[in-house]
Amino acid sequence: MILNASDVNETPQQVCILGSTGSIGLSTLDVIRQNTQFTVFALTAGQNDAQMLAQCIEFKPQFAVMHDEHSAVRLKAALSSHNAKTQVLSGTQAMCDLVKADDVDVVMSAIVGAAGLLPTLSAVEAGKKVLLANKESLVMSGQLFIDKVKKHGAALLPIDSEHNAIFQCLPTQMQQDANNGNLLEQGISKILLTGSGGPFLKRDLNTLAQVTVDEAVAHPNWSMGRKISVDSATMMNKGLEFIEAKWLFNAQVDDIEVVIHPQSIIHSMVQYRDGSVLAQMGNPDMRTPIAHALAYPNRIDSGVKPLDFTAMSDFTFTAPDFSRYPNLKLAMDACRLGQGATTAINAANEVAVNAFLSNKVGFTDIYKINAEVLNKMPNGQTITLDDILNVDKVARAYACEIINKALN
Ligand code: NAD
Ligand code: MG
């Protein structure tokens, strides 16, 4: 879908946020708070009804959906005691139905993990402007997802800071059709995907097995949800982003290179055949890509402090060390193997990270579980949604089996 400046200038835009109580959800609401041309049509979340209540009181959406039914019951009671008009629904199907509503112009996809797949696909099928933070849905379903974007004329705008940066560095005509473009024809020789290296960039490799949950979720530059924080510490996040970049920019594996940039000021770069490298920079704050995508092709305030170049001491770049970040290598290998492997690794990782977050397995076990699942996966088709959901299910079962065996 081609988005014109007038589309987003003249009429108020109604937004549905999937995952409004999370880190990206809160940042999205903060950008909307500062830009009155956007109104909130619907909010959805997992089980945090207290946070959802506060959001409904402030933003007065027409609908609020909780994944968890008990949370929905509590929310309904609390809203009625505040005389609030928001209608409360529950479950994934309600989210899938709501994103399709005629009133919805923009859908922010910010549920964490595979739970985001069906509501995001539903928004794509309704041809909405879809702001994609939930990278897992694209990693899981790649070709199917992109085919649906094309078929239904959805506008897909990346929220992941790296992909948003790459998008901003693309030629304008390719921005209008990024997942269909031809990098070579556009004179692009490389996509340089930057990553900070997370909290363990310099930690003694021999002590990684003892990493605690608190250490793993303490990212040096970004404030994020717990799952993506652990993924950043293992750099599986960069691996998932590698796969995400392949689909978003119609790239081949060899078109993408990962560069460690610990300061997180450059959010990624595009290198052209004439030697030019375009980089997008800014303070590490997700409100910048959110504001960019919400207003695209216009620009709006985000509340992010401008960069102060004179206050920067270091600005460094290195190649990733795969012995420190084996999950990154595993995801890149899965990307070469194809859809079944990327669906499986995404599922295994979600189970492994949850097990780590609940102190059932150690930090370095995350890689072992992911690698073993990938190794065990039978070869099979991953073309239809059913194929994909089946691979996801089998990979989760293998991951649970490996974890349970280790625990007994
Ligand atoms: P988070 O854990 O802070 O929030 C997740 C949101 O999803 C919450 O609102 C939660 O209630 C909701 N949720 C969880 N399970 C659900 C379910 N089964 N059904 C419906 N809703 C459910 O996560 P986050 O950090 O905001 O990340 C969200 C997504 O954005 C992830 O896919 C992540 O990879 C991506 N992302 C996040 C950042 C960031 O800076 N936080 C940056 C780039 C990409
Ligand atoms: Mg990112």
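Reply: A polar backbone atom of Ala-133 lies 3.5 Å from an oxygen atom of ligand 1, a polar contact (N or O atoms within 3.5 Å; within protein, one must be able to donate a hydrogen and the other to accept it, and residues adjacent in sequence count only if both atoms are side-chain atoms). This is a predicted model, in which local features need pLDDT of at least 70 and side-chain atom pairs pLDDT 80 or more, whereas totals for chains, interfaces and linings use all residues. Residues are numbered from 1 along each chain as its sequence is written, chains are lettered from A and ligands numbered from 1 in the order in which they are written, and side-chain values use heavy atoms, with hydrogens and water left out.

The backbone also contributes through Gly-19, where a polar atom is 3.3 Å from an oxygen atom of ligand 1. Glu-136 instead uses its side chain, placing a polar atom 2.6 Å from an oxygen atom of the ligand. On its own, ligand 1 has 830 Å² of accessible area, and the protein covers 86% of that value (Shrake-Rupley method, 1.4 Å probe). Two elements give two or more residues to the shell around ligand 1: helix 2 (23-33) and helix 7 (135-152). Helices are DSSP runs of H or I with at least four residues, and strands are E runs with at least two. In total, 23 residues surround ligand 1, and the closest are Thr-21, Ser-23, Gly-46, Glu-136 and Gly-225 (a heavy atom within 4 Å). By residue class, the shell divides into 11 nonpolar, 9 polar and 3 charged members, with Gly counted as polar.

A polar contact within the protein joins the side chains of Asn-164 and His-292 at 3.0 Å. Asn-164 belongs to helix 8 (residues 161-169) and is buried at 2% relative accessibility (buried is under 20%, exposed over 50%, partly exposed in between; 1.4 Å probe, protein chains only).

Turning to the rings, the whole structure holds 5 aromatic pairs (centres within 6.5 Å; planes under 30 degrees apart are stacked, over 60 edge-to-face, the rest tilted). Phe-41 and Phe-63 make a tilted pair because their planes meet at 55°, with the ring centres 5.7 Å apart. This pair links distant parts of the chain, since Phe-41 sits in strand 2 (residues 38-45) and Phe-63 in strand 3 (residues 63-66), 22 residues apart. Phe-41 is buried, with a relative accessible area of 2%, and Phe-63 is buried as well, at 17%. In the pair of Phe-315 and Phe-317, the centres are 5.7 Å apart and the planes stand at 80°, so the arrangement is edge-to-face. Phe-315 is partly exposed at 35% relative accessibility, and Phe-317 is partly exposed at 38%. Phe-200, Phe-356 and Phe-363 form one aromatic cluster.

The peptide bond from Tyr-296 to Pro-297 is cis, with omega near 10°, and Pro-297 lies in the loop between helix 13 (287-295) and helix 14 (326-337). Asn-83, in the loop between helix 4 and strand 4 (87-90), has a positive phi near 55° although not a glycine; Asn-83 is exposed, with a relative accessible area of 64%. Phi of Asn-359 is also positive, near 60°. Asn-359 occupies the loop between helix 15 (339-357) and helix 16 (365-376) and counts as exposed at 64% relative accessibility.

Terms used: Phe/Tyr/Trp six-rings, centres within 6.5 Å; stacked < 30°, edge-to-face > 60°.
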